[in-house]
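Here is a protein model, to be read through a few questions about how its features get their names. Each answer sets a value beside the definition it rests on.

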Amino acid sequence: EYADISLKDIDQVSKSSFPLCMRHLFEKLREDHHLKHGGRMQLGLFLKGVGLKLDDALAFWRAEFTKKVGAEKFDKEYAYSIRHNYGKEGKRTDYTPYACQKIISSAPGVGDHHGCPYRHFSEDNLRAALGRMGLSSRGMEDVMDKVRNKHYQLACTLTFEAVYGTSCDAGINHPNQYFEESQKILK
Ligand code: SF4
């Protein structure tokens, strides 16, 4: 078990340990101060999975959303679903973070930022994002080759191996697994 992440570390950890799908959602949230429903679910449950506590999660989303909407609107329209994800509302189901398969098979529409970048980004956007993660042109071609063959999780695994300079024999099948494997290496 890795240590739960706290709010003050979240930006640094997002850069060091989040898989591309979550880095993208995190950056868009910081940039736009908003995410549509699919993005809030995908990122919110992932953050719960990395150990962000409910109070910190509320503070995190509130700080971004209230740059655009009033605090009252946030509390009325968005806070409920965050508590809901943590099993504090409705049927009190403890919702689990999405696995890669579910994310890859989702269908993000215009203005949505959820989904799997290997599956849903244009080639240009994916190359730019991989460049920002520090991939060499050789590493990038290996990743793009997997993408062309629709092996999105293998593309993500190759990215992991290039970023951390180590093999990931299990392969990536869950964003939270990516996070945990990376934390093991960085610790
Ligand atoms: Fe996220 Fe999985 Fe896609 Fe990697 S393969 S970017 S962890 S959905």
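Q: How many salt bridges are counted between domain 1 and domain 2?
A: The count between domain 1 and domain 2 is 0 salt bridges, where a salt bridge is a side-chain nitrogen of Lys or Arg within 4 Å of a carboxyl oxygen of Asp or Glu. This is a predicted model, in which local features need pLDDT of at least 70, side-chain atom pairs count only at pLDDT 80 or more, and totals for chains, interfaces and linings use all residues. Residues are numbered from 1 along each chain as its sequence is written, and side-chain values use heavy atoms, with hydrogens and water left out.

Q: What makes up the polar side of the count between domain 1 and domain 2?
A: There are 7 residue pairs in polar contact between domain 1 and domain 2, both residues being at pLDDT 80 or more. A polar contact is a pair of N or O atoms within 3.5 Å; within protein, one must be able to donate a hydrogen and the other to accept it, and residues adjacent in sequence count only if both atoms are side-chain atoms. On the side of domain 1 that touches domain 2, the elements giving two or more residues are helix H1 (10-17), helix H2 (20-32) and helix H3 (37-49), helices being DSSP runs (H or I, at least four residues) numbered from the N terminus. The largest share of that side, 8 residues, comes from H2.

Q: Where do domain 1 and domain 2 lie in the chain?
A: The domain assignment, which is automatic or from a database, gives domain 1 as 7-85 and domain 2 as 100-186. The contact (heavy atoms within 4.5 Å) takes 21 residues from domain 1 and 23 residues from domain 2.

**A salt bridge within the chain**

Q: Why is the pair of aspartate 75 and arginine 62 called a salt bridge?
A: The closest N and O atoms of aspartate 75 and arginine 62 are 2.7 Å apart, and the pair therefore meets the cut-off already given. Aspartate 75 lies in helix H5 (residues 71-77) and arginine 62 in helix H4 (residues 54-65), so the pair ties together parts that are 13 residues apart in sequence. The structure holds 11 salt bridges.

Q: What makes the phi of histidine 33 worth a remark?
A: Histidine 33 has a positive phi of about 60° although it is not a glycine. Most residues other than glycine have a negative phi. Histidine 33 is found in the loop between H2 and H3.

Q: Where is lysine 150 found?
A: Lysine 150 is found in the loop between helix H10 (137-148) and helix H11 (152-164), and its phi, near 65°, is a positive value in a residue other than glycine.
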